[in-house]
Amino acid sequence: NPGAVLTTPGTSLFVAYYGSSQLWHYSLDPATGAPSSGFHAHPVSYPYAMGRTADSKFLFTTSWEWASPSPQPASSFAVNPETGGLGPVSAPSAELLPAFLAVHPAGAMLYVTNYGSNSITRFRFDPNIGVLNSALNSPGPVHPLGITIHSNGRFAYVAGYTEGRIVTYSIDPDSGGLTETSSVPKPGTHFIALHAQHDANDPPVVTAGRDRWVTVGQSAALH
């Protein structure tokens, strides 16, 4: 679910409430893991997908406003380690209908798929400050949605919803730009979400799905 994020070490749960333009923050019971009955609401325009840095210092969201003819933002928030409260940090524009997002394993780049622009935006950010900047746009598949990044940081995988294909991109180590290297067509399939599993003894498996998860390939190049 792109609209929910669990912080490390598991003390807070954030949920995107698209219809109310809010992020809901729940505290988690350390013994049972159950969310609190009450929540704190943070205003965010049409939140869709969410992600966080590995240390949970910063939370990222996209804003998907379907009726808007203008680019919408990706936003970053600082997470209070004591209370779980959110402090707005930045909200630069991506392109049309920013959808899913993924944080690069190195922790200094955020990738956002833009459903309405058929593109992928790369933002840089300082891991100590969290300000998103230096947007770089790369061509994506038609109506890109899900995105996941290989644990080695060298490859990204994007779901093309309308085309029904999973696209592999190489990531430029200097600019962070994306170059398409291969794709797996699955005609008639409308992929939405992607997930990469990594096992210590096996190559990673990338799975994608709409109503169910489908394994579509192993290693950096999907087949």
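Phe-39 is partly exposed, with a relative accessible area of 39% (buried is under 20%, exposed over 50%, partly exposed in between, with a 1.4 Å probe and protein chains only). The model is predicted: local features need pLDDT of at least 70, side-chain atom pairs count only at pLDDT 80 or more, and totals for chains, interfaces and linings use all residues. Residues are numbered from 1 along each chain as its sequence is written, and side-chain values use heavy atoms, leaving out hydrogens and water.

**Aromatic pairs**

- The whole structure holds 11 aromatic pairs (Phe, Tyr and Trp rings, the six-membered one for Trp, with centres within 6.5 Å; planes under 30 degrees apart are stacked, over 60 edge-to-face, the rest tilted).
- Tyr-18 and Tyr-46 form a tilted pair, because their ring centres are 5.4 Å apart and their planes stand at 55°.
- Tyr-18 lies in the loop between β2 (12–17) and β3 (22–27) and Tyr-46 in the loop between β4 (40–43) and β5 (47–52), so this pair ties together parts 28 residues apart in sequence (strands are DSSP runs of E, at least two residues, numbered from the N terminus).
- Trp-24 and Phe-39 are stacked, since their ring centres lie 4.0 Å apart with planes at 20°.
- Trp-24 is buried, with a relative accessible area of 18%.
- One aromatic cluster consists of Tyr-48, Trp-64, Trp-66, Phe-100, Tyr-115 and Tyr-161.

**Open sheet**

- An open sheet of 4 strands has the order β13-β14-β15-β16 with antiparallel pairing (two strands pair if DSSP finds at least two bridges between them).
- Its edge strands, β13 (144–149) and β16 (178–185), each pair on one side only.
- Strands β14 (residues 155–160) and β15 (residues 165–171) run antiparallel and are joined by 6 bridges.
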